[in-house]
Amino acid sequence: MIALLLALGSSLAYGCADFLGGLGARKAHVLRTVLIAAPASLAVELLLWPFLGATFSAGAVGWGAASGVASAAAFALLYSTLAMGPMNVLSPVTALVSAALPVGVGLLQGEHLGVAGLVGLPLALVAVVLVSAGAGAGSTRPTRTALLLAFGAGAAIALQLIFLHQAPTDSGVAPLIVGRAVSSAVTLAAAGLMYRRLGSERPAYAMSAAAGALDSVANLLFLLASRSGDLTVVAVITALYPAGTVLLARAVLGERVHRGQLIGLATAAVAVSCLALA
């Protein structure tokens, strides 16, 4: 139950972070947004260090660095995807891909589910599919490029979560700190190489920093959830984060939420209940 609640919290934080990051990337080049978001994330994790501890063993540093490279790719691909829009289609597509890979890894590592889990896990995947069922009548349809970016973002997010899960359980927030330091360095290097192509638009500083801070909170909650529960369950619950993005896009941007997505949200509630019983 603790792992489930932590995963739900991670899902909510990811959904809010993606919404803010996507909006920020509409105001300036995506790398300008990430240059604000990544250091903000690192600052949050450094503030957590005295409270949660950190052990920088070889495993923590190695897996943390790998997650950082994946995180940098996820930041850039995801915010580019959401900036293209529509958010209420592309974010759920990314989530579907980000859920499938960790589930496969968890099952290959020998994780097993009870009867309630065997019902809840497929329902959760169905919920992600329904929420990502595509644009309804009158909604903007995503381009092929946007869909490819969404799939790439999902794969990068999945690798980030898998790498964090592999870090030693007694390492505290060390994998998060190393990962965010690496992702910040990668982002800075990419920005330096592409400086002439970044444009002169000023990024949305507050929005980008808030997205980065929320992303750190989401990563922390996922790390704690995966340490106390199965990766298969935690990853799928976390992958329901588009629900938050979709609802925020509806409330703030007026993007349409069609019937299939509403059914998906209801299915997600049933799935979470089943997984809680598991």
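Here, buried means under 20% relative accessible area, exposed over 50%, and partly exposed in between (1.4 Å probe, protein chains only). This is a predicted model, where local features need pLDDT of at least 70, side-chain atom pairs count only at pLDDT 80 or more, and totals for chains, interfaces and linings use all residues. Residues are numbered from 1 along each chain as its sequence is written, and side-chain values use heavy atoms, with hydrogens and water left out.

Let's start with the rings. Phe, Tyr and Trp rings (six-membered for Trp) pair if their centres lie within 6.5 Å; planes under 30 degrees apart are stacked, over 60 edge-to-face, the rest tilted. That rule gives 2 aromatic pairs:

| Pair | Centre distance | Plane angle | Class |
|---|---|---|---|
| W49 and F56 | 5.3 Å | 65° | edge-to-face |
| W63 and F163 | 5.8 Å | 35° | tilted |

Helices (H or I, at least four residues) are DSSP runs numbered from the N terminus, as are strands (E, at least two). F56 is partly exposed at 37%, W49 is partly exposed at 37% too, and W63 is partly exposed at 33%.

Now the annotated stretches. The unreviewed UniProt entry's "transmembrane region" annotation includes residues 147–167 and 231–253; positions follow the numbering used here, feature names are shortened, and annotations may be inferred rather than shown by experiment. Residues 147–167 are 95% helix and 0% strand, with end C-alpha atoms 31 Å apart. For residues 231–253, the chain is 87% helix and 0% strand, and the end C-alpha atoms are 34 Å apart.
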